Amino acid sequence: PKPTNQPIIGVIDTLFDKSVYFGEWVDYHEVLEFFEETNKNESHYEHGTSVTSIIVDGPRLNPWLEDNCGMFRVRHFGVCLDRISITSLVRKLERIVQQNQDIHVWNLSLGTSEEVSRNFISFDGAALDALEQKYNVIFVIAGTNDIRNNKKDYLRVGSPADSINSVVVNSVRKDGSPVSYSRKGKILSFFNKPDVSYYGGDFDERITVYSSKGIDEQYGTSFAAPWIARKLCYLIDILGFTREVAKALLIDSAAGWEYKQGQYKLQNIIGFGVVPKDISKVVECDNSEIKFTLTGTAHTFATSNYAIPVPKDEGNKSYYIARATLCYFPECSRDQGVDYTNTELNLHFGSKRWCEYGMYIIRNSNM
């Protein structure tokens, strides 16, 4: 169909082939250096076109991944041919985001092969955190791939997958197990990255995309991230949730009732879990459950109390299990090293006191 008023997702990637069948759905801009203009060839259009094909029309290419989010328009910025320096990427990102503030969700399926530091956030990861805090946007970032043949241990993710405010996505196979090219978190020893995982294919179990060569079969975290970008854009631009609530709903749906903080042995590889395929599984809950959201902004030190009504029986007892998911977008200071975030939040929920510092809180508590 022809595009109408569908939401727009921003894509920062390699070049895009405007001749593909969904070309009308993509507003394409090249942001290249002068020397790159003269060195373009067909291979430089494959990755970016493939990523955008998932965002526009992924479920038709992969019916088993139908998410009921519909189709999305894309504003695609071709910032490099294949590789790009970190400083050049950050400079281009700042200009692009500043000039396109109508876009709320950005997909970035580019990353470095080097591991992030254990002691500080990368330059490009910190730049993304600053852009998100300043312009009220959210980046969906591929968790980067480990392409080594002989893998004795998992590499840590490459930048900018250490961005704290962004949603970092790793890949899983159809059965939910980690793929052969997985890389791991955590970031600064206590921030959970990746955040979630999704189906990005593997060498023998690929994702169908549409590239400059036509129908193609690919695998990688680059092709898991666009599916999450679709879901985030649906939550933010169609359902009207804030980015904080949208991110929390994704993580909550991935974690489920089985998740226990610190006890999930694959936590450093697949994050809080695999996001459900259908968007209704992210937004809705079972008839035996109640789901609600609370949101606000803290400008100074503050304590907030919410009285949450819980039904009780005749003996004044409540037989319920509660789960809380906390997500916030703090200002950050890279020069503070491991004390990266400028703001910490505590959550005390129910009759038992649970307290945790960091980006998210997920606790199971008998009330």
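User: Where does Lys-186 lie?

Analyst: This is a predicted model in which local features need pLDDT of at least 70 and side-chain atom pairs count only at pLDDT 80 or more, while totals for chains, interfaces and linings use all residues. Residues are numbered from 1 along each chain as its sequence is written, and side-chain values use heavy atoms, with hydrogens and water left out. Strands (E, at least two residues) and helices (H or I, at least four) are DSSP runs numbered from the N terminus, and on that basis Lys-186 lies in the loop between S6 and S7.

User: Which residue does a cis peptide bond join to Lys-186, and what is omega?

Analyst: Lys-186 belongs to the loop between S6 and S7. The cis peptide bond there joins Lys-186 to Gly-185, with omega at about 5 degrees.

User: Is Ser-182 buried or exposed?

Analyst: Ser-182 is placed in the loop between strand S6 (167-172) and strand S7 (196-199). Relative accessible area, taken with a 1.4 Å probe and protein chains only, decides the class: under 20% is buried, over 50% exposed, and in between partly exposed. Because its relative accessibility is 2%, Ser-182 counts as buried.

User: How far does the backbone oxygen of Val-179 lie from a polar atom of the side chain of Ser-182?

Analyst: Val-179 has its place in the loop between S6 and S7, and at 4% relative accessibility Val-179 counts as buried. Leaving aside neighbours within four places in sequence, Val-179 is in contact (heavy atoms within 4.5 Å) with Ser-171, Val-172, Arg-173, Gly-201 and Asp-202. From its backbone oxygen to a polar atom of the side chain of Ser-182, the distance is 3.1 Å.

User: Leu-188 and Ser-189 each have a positive phi; which relative accessible area makes Ser-189 exposed?

Analyst: Leu-188, which is not a glycine, has a positive phi of about 55 degrees, and at 2% relative accessibility Leu-188 counts as buried. Ser-189, also not a glycine, has a positive phi of about 75 degrees and is found in the loop between S6 and S7. Ser-189 is exposed because its relative accessible area is 61%.

User: Which side chain does a polar contact join to that of Ser-166?

Analyst: Ser-166 has its place in the loop between S5 and S6 and is buried, with a relative accessible area of 0%. A polar contact is a pair of N or O atoms within 3.5 Å; within protein, one must be able to donate a hydrogen and the other to accept it, and residues adjacent in sequence count only if both atoms are side-chain atoms. At 2.7 Å, such a contact joins the side chain of Ser-166 to that of Ser-163.

User: Why do H5 and H6 count as oblique to each other?

Analyst: The axes of helix H5 (residues 225-238) and helix H6 (residues 243-255) come within 9 Å and cross at roughly 130 degrees. Axes are lines fitted to C-alpha atoms, for helices over the stretch in contact, and angles run from 0 to 180 degrees between N-to-C directions. Angles under 35 degrees count as roughly parallel, over 145 as roughly antiparallel, 65 to 115 as roughly perpendicular and the rest as oblique. With the crossing at roughly 130 degrees, H5 and H6 are therefore oblique.
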